[in-house]
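Work through these exercises with the model open. Try each task before you read its solution.

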Amino acid sequence: MNTNTGDTATTAATWAVVAEHYDTADATALRRAYYAEVAGRYWKRPVTEAEIDQGMLDFPTDGLLPPTGRFVVGRLDGEPLACGGVRLLDPATAELTRVYVDPRARGTGGGAALLAALEDEARALGAERVRLDTRSDLVEARALYARHGYAEIPAYKSDPYAEHFFEKRLA
């Protein structure tokens with residue numbers, strides 16, 4: 001549900017997803033967990049705290065604040081277990097980034113709730129479509145996007161870590 005302030009609240013089962021500044025303690029912990037998982041999968045080993053710190057510096061949260069974007073945190077029974085961001089690439093196109101559901105909460109509807117909230121935020125920013133990129137090894141993410149109407153498209157940007165690009169038109 002969108003309000004005039006741009007806050008989003010979406011419920012799927014016992015999930016609540018709300019807009020939150022990306023620097024809150026919960027949002028920061030989730031962004032660190034996201035980076036630890038994607039980097040660990042890429043390097044095929046656990047990452048160190050120093051590597052997570054560096055990754056957070058190398059991939060800043062630019063544009064995830066109004067008026068160019070938003071960040072959301074998803075809570076399952078009040079526990080922060082999911083996050084994601086959306087930022088405008090141009091006035092009609094938004095990009096999803098840092099979409100993450102804690103492995104302990106996968107399969108509970110968090111991914112669907114997260115995508116619905118991010119799509120609502122993209123609409124509130126004026127976007128007509130959303131795009132995202134991901135890697136081949138992030139199989140769960142690719143399946144989630146396909147289940148929710150995202151179609152694979154040609155690359156829309158150059159990124160050494162991106163192997164699959166998706167887009168969804170917003171109604």
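**Exercise 1.** By class, how many nonpolar, polar and charged residues does the lining of the largest pocket have?

*Solution.* Note that this model is predicted. Sort the lining by class: 22 residues are nonpolar, nine are polar and 14 are charged. Next, take the volume, which is about 1100 Å³ for the largest pocket. Then look to the centre of this pocket: Tyr34, Val38, Arg98, Val99 and Leu138 are the closest of the 45 lining residues. Finally, find the main supplier. Helix 1 gives the largest share of the lining, nine residues.

**Exercise 2.** Find which residues of the largest nonpolar core touch the most other members.

*Solution.* The core has 30 residues, and Trp15, Leu96, Leu114, Tyr145 and Tyr150 touch the most other members. Trace the elements: those giving two or more residues include strand 1 (15–19), strand 4 (93–101) and helix 4 (139–147). Helix 3 provides the largest share, six residues. Now pick Leu96. Leaving out residues up to four places away in sequence, Leu96 touches Gly85, Val86, Leu115, Leu118, Arg131, Leu132 and Tyr150. Another core lies apart, with eight residues, including Leu30 and Phe71.

**Exercise 3.** Check the span of helix 3 against its number of residues.

*Solution.* Helix 3 has 15 residues. The span counts one less than that number, at 1.5 Å each. Now check burial: 11 of the 15 residues in helix 3 are buried, among them Leu114, Leu115 and Leu118. After helix 3 comes Gly126, with a positive phi near 95°.

Key: Residues numbered from 1 in each chain as written. Predicted model: local features only at pLDDT ≥ 70, side-chain atom pairs only at ≥ 80, totals over all residues. Heavy atoms only, no water. Core = buried A, V, L, I, M, F, W, Y, C linked by side-chain atoms within 4.5 Å. Buried < 20%, exposed > 50% of the residue type's maximum accessible area, 1.4 Å probe, protein only. Helix = DSSP H or I, 4+ residues; strand = E, 2+ residues; numbered from the N terminus. Contact = heavy atoms within 4.5 Å. 1 Å grid on protein atoms, 1.4 Å probe; cavity = no way out; pocket = protein on both sides within 12 Å on 5 of 7 lines; lining within 4 Å. Points joined across faces, edges and corners; volume = space filled by probe spheres on them. Nonpolar A, V, L, I, M, F, W, Y, C, P; charged D, E, K, R; others polar.
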